[in-house]
Amino acid sequence: MIDYIKENCELPPLNRPQFDEDSDTWDLYFAVKESPDPYNVGGDDPICLAFESLEEANETLKQALELYHEEVNQ
């Protein structure tokens with residue numbers, strides 16, 4: 001999952017994990033990384049990553065924040 005985030009998402013995440021009752025998942029949102037593609041199909045809609053458990057969502061949040069801090073401190 002973290003490889004997908006590195007490739008497609010702006011850091012840091014836009015939120016902490018939020019429970020979605022409709023899908024019964026824990027969701028993390030990210031802004032879409034700037035794309036050199038002039039036909040950017042994804043647009044400006046945030047990317048939602050859904051997780052089955054809060055623990056899994058929190059672990060991904062932790063990894064994403066660590067990546068963000070590494071980028072900032074370079």
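Okay, a definition to begin: a nonpolar core is a set of buried Ala, Val, Leu, Ile, Met, Phe, Trp, Tyr and Cys residues joined through side-chain atoms within 4.5 Å. Buried means under 20% relative accessible area, with a 1.4 Å probe and protein chains only.

What we have here is a predicted model, where local features need pLDDT of at least 70, side-chain atom pairs count only at pLDDT 80 or more, and totals for chains, interfaces and linings use all residues. Numbering starts from 1 along each chain as its sequence is written, and side-chain values use heavy atoms, leaving out hydrogens and water.

So, the largest nonpolar core: it has 13 residues, and I5, L11, F30 and L49 touch the most other members. Two or more residues come from each of α1 (2-8), β2 (25-30), β3 (47-51) and α2 (54-72). Those names are DSSP runs numbered from the N terminus: helices are H or I with at least four residues, strands are E with at least two. The top contributor is α2, with four residues.

Now, which residues of α2 are buried? They're A57, T60, L61, A64 and L67. They sit on the same side of α2, because they cover an arc of only 125° around the axis, going by the directions from the helix axis to the C-beta atoms. Among the things covering them are α1, β2 and β3, where contact means heavy atoms within 4.5 Å.

Last, the sheet. It's open, antiparallel, and ordered β1-β2-β3; strands pair if DSSP finds at least two bridges between them. β1 (18-20) and β3 are at the edges with a single partner strand each, so one side of each has no neighbour in the sheet. Five bridges join β2 to β3, and L28 has L49 in β3 as its bridge partner.

Terms used
Buried means under 20% relative accessible area, exposed over 50%, partly exposed in between (1.4 Å probe, protein chains only).
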